[in-house]
Amino acid sequence: MVVKSSAVIVRQLDLGYLAFFLGLRINELVMDRTLKEGFTGVRESHGYLIQHLIESERTITELAKRMDVTQQAASKIVAELIHIGILEAIPAQDRRAKRIRLSQRGWRCVRLGRRTRARIDNVLVRATGRRSYEKAKSTLLTGLRALGGVERIRSRRIRAPR
């Protein structure tokens, strides 16, 4: 029986898996930092809703449509994030619906995530060298374009894994 070393197995992974696993590790490091900074209760999955509030406040109906989930599912996540102080609900102009927006604490959490990702990015640049790093980014971006993934990023409509 031939047993392959884990190094050989890792080298055999395709680009998609390698990018996915790197992304998972980066997200893990960001979440570790987020929790360490006192944002208890925040989960990685909350980011799939938060992304829709970066540019504008929205109703739960709008959030549900953008996330491609039921209003009940969107309401549940919103309630969790309100409970931990990341979101706040404010009355809409017609008073029938509430507008959901990031709270000050929510914005601090977003900024912390961005700073943490920038630090991790710097670690990757130092580990690979600027030229290799930029080439890797270019390769991944070309792959996203080829598979139709760029517009989802631009429109902040990244779907949660199913």
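Two strands pair if DSSP finds at least two bridges between them. Helices (H or I, at least four residues) and strands (E, at least two) are DSSP runs, numbered from the N terminus. The model is predicted: local features need pLDDT of at least 70, side-chain atom pairs count only at pLDDT 80 or more, and totals for chains, interfaces and linings use all residues. Residues are numbered from 1 along each chain as its sequence is written, and side-chain values use heavy atoms, with hydrogens and water left out.

**Exercise 1. The sheet**

Determine the strand order of the sheet and the partners within it.

*Solution.* 
Step 1. The three strands form an open sheet in the order 1-3-2, and their pairing is antiparallel.
Step 2. Strand 1 (58–59) and strand 2 (87–91) are the edge strands, each pairing on one side only.
Step 3. Two bridges join strand 1 and strand 3 in the antiparallel sense; Thr59 has Arg99 of strand 3 as its bridge partner.
Step 4. Strand 2 and strand 3 (residues 98–102) are antiparallel over five bridges. Here Leu87 stands opposite Leu102, and Glu88 stands opposite Arg101.
Step 5. The hairpin of strand 2 and strand 3 has six residues between the strands, and Arg95 takes a positive phi near 65 degrees in this hairpin.

**Exercise 2. Helix 5 and its neighbours**

Describe how helix 5 lies on the sheet and how helix 4 crosses helix 5.

*Solution.* 
Step 1. Axes are lines fitted to C-alpha atoms, for helices over the stretch in contact, and angles run from 0 to 180 degrees between N-to-C directions. Contact means heavy atoms within 4.5 Å.
Step 2. Helix 5 (residues 71–83) lies across strands 2 and 3 and runs at about 105 degrees to strand 2.
Step 3. The axes of helix 4 (residues 60–67) and helix 5 come within 8 Å, crossing at roughly 110 degrees.
Step 4. Helix 4 and helix 5 are therefore roughly perpendicular to each other. Angles under 35 degrees count as roughly parallel, over 145 as roughly antiparallel, 65 to 115 as roughly perpendicular and the rest as oblique.
Step 5. Ile60, Thr61, Leu63, Ala64 and Met67 of helix 4 meet Gln71, Ala74, Ser75, Ile77 and Val78 of helix 5.
Step 6. By class, this contact of helix 4 with helix 5 has seven nonpolar, three polar and no charged residues (Ala, Val, Leu, Ile, Met, Phe, Trp, Tyr, Cys and Pro count as nonpolar, Asp, Glu, Lys and Arg as charged, and the others, Gly among them, as polar).

**Exercise 3. Helices 2, 6 and 7**

Characterise the packing of helix 6 against helix 2 and against helix 7.

*Solution.* 
Step 1. Helix 2 (residues 15–36) packs on helix 6 (residues 104–128) at an angle of about 130 degrees, with the axes 10 Å apart. Helix 2 and helix 6 are therefore oblique to each other.
Step 2. The contact of helix 2 with helix 6 divides into seven nonpolar, four polar and three charged residues.
Step 3. The axes of helix 6 and helix 7 come within 6 Å and cross at roughly 115 degrees. Asp121, Leu124, Val125 and Thr128 of helix 6 contact Arg130, Ser132 and Tyr133 of helix 7.
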